[in-house]
Amino acid sequence: MATMTFVRPGLAELVERVRGLTGVPASPRLTAFAVADALRGHLPPPEILTEEERLGDPGHYVGHTLHAESAFSVVAVVWRPGQETVIHDHVAWCVFGVLRGAEYETIYRLDGDHLTEAGRTVSHVGEVSGFAPPGDIHRVRNIGETTAISLHVYGADLGARPSSVRRVYDLPVR
């Protein structure tokens, strides 16, 4: 009996595009900008995930690592309504694009013994953004009424490390 292989639409093209950009010597910030520019207008559809993967998990948001190599990883994150991250920063640059729903981000600044809210953004379907440490302290949430899906490209091998999170912040916000 033959088995069916699920082909993730748009993933191979995305990997080749990012591989070409990460192979050029540049600062993490410039690499993030280049990857964001390449991703704009070329986001894959939500069907890059299987129907089951697109459902998410009622208990917490879920990241599906779709590709990992030494220079970068591609992760699709499924956020059910009400799900959020802790306040954290990252080990490397990150670029993300929204495939379904909206992603709500609060950005913070470390001010000694506390955090200060530095801004809020909402990213809708088709929008792409990115950042590079330092200055990447944030919390991401889905405060919408439908499941959201976002595609993240991290400048780290998430096959070799369990997470893109460098540090979690449990400090008062003022």
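Colleague: Which residues does His-138 touch, not counting residues up to four places away in sequence?

Modeller: His-138 touches Thr-85, Val-86, Ile-87, His-88, His-90, Glu-105, Thr-106, Ile-107, Tyr-108 and Phe-131; please keep in mind that this is a predicted model. His-138 itself belongs to strand β8, which covers residues 138-141.

Colleague: What makes His-138 count as buried?

Modeller: Its relative accessibility is 5%, and the word buried is used for values under 20%, so His-138 qualifies.

Colleague: How do you know that the side chains of His-138 and Glu-105 make a polar contact?

Modeller: The separation given for the two side chains is 2.6 Å, while the cut-off for a pair of N or O atoms is within 3.5 Å, and therefore the pair is listed as a polar contact.

Colleague: How many aromatic pairs does a search of the whole structure find?

Modeller: The search finds 1 aromatic pair. Its rings belong to Tyr-61 and Trp-79, with centres 4.7 Å apart and planes at 20°; because centres within 6.5 Å make a pair and planes under 30 degrees apart count as stacked, this pair is called stacked. The pair links distant parts of the chain, 18 residues apart, with Tyr-61 in the loop between α3 and β1 (62-68) and Trp-79 in strand β2 (residues 73-79).

Colleague: Is Trp-79 buried or exposed, and what is the relative accessible area of Tyr-61?

Modeller: Trp-79, at 3%, is under 20% and is therefore buried. Tyr-61 has 32%, which lies between the limits of 20% and 50%, so it is called partly exposed.

Colleague: At what angle do the axes of α1 and α2 cross, and how are the two helices oriented to each other?

Modeller: The axes of helix α1 (residues 11-22) and α2 come within 10 Å and cross at roughly 155°. Since angles over 145 degrees count as roughly antiparallel, that description applies to α1 and α2. Their crossing is right-handed.

Colleague: Which residues in α1 and α2 meet?

Modeller: Leu-14, Arg-17, Val-18, Leu-21 and Thr-22 in α1 meet Thr-31, Ala-34, Val-35, Ala-38 and Leu-39 in α2.

Conventions. Residues are numbered from 1 along each chain as its sequence is written. This is a predicted model: local features need pLDDT of at least 70, side-chain atom pairs count only at pLDDT 80 or more; totals for chains, interfaces and linings use all residues. Side-chain values use heavy atoms; hydrogens and water are left out. Helices (H or I, at least four residues) and strands (E, at least two) are DSSP runs, numbered from the N terminus. Buried means under 20% relative accessible area, exposed over 50%, partly exposed in between (1.4 Å probe, protein chains only). A polar contact is a pair of N or O atoms within 3.5 Å; within protein, one must be able to donate a hydrogen and the other to accept it, and residues adjacent in sequence count only if both atoms are side-chain atoms. Contact means heavy atoms within 4.5 Å. Rings of Phe, Tyr and Trp (its six-membered ring) pair if their centres lie within 6.5 Å; planes under 30 degrees apart count as stacked, over 60 as edge-to-face and the rest as tilted. Axes are lines fitted to C-alpha atoms, for helices over the stretch in contact, and angles run from 0 to 180 degrees between N-to-C directions. Angles under 35 degrees count as roughly parallel, over 145 as roughly antiparallel, 65 to 115 as roughly perpendicular and the rest as oblique. A crossing is left-handed if the near helix is turned anticlockwise from the far one by less than a right angle, and right-handed if clockwise.
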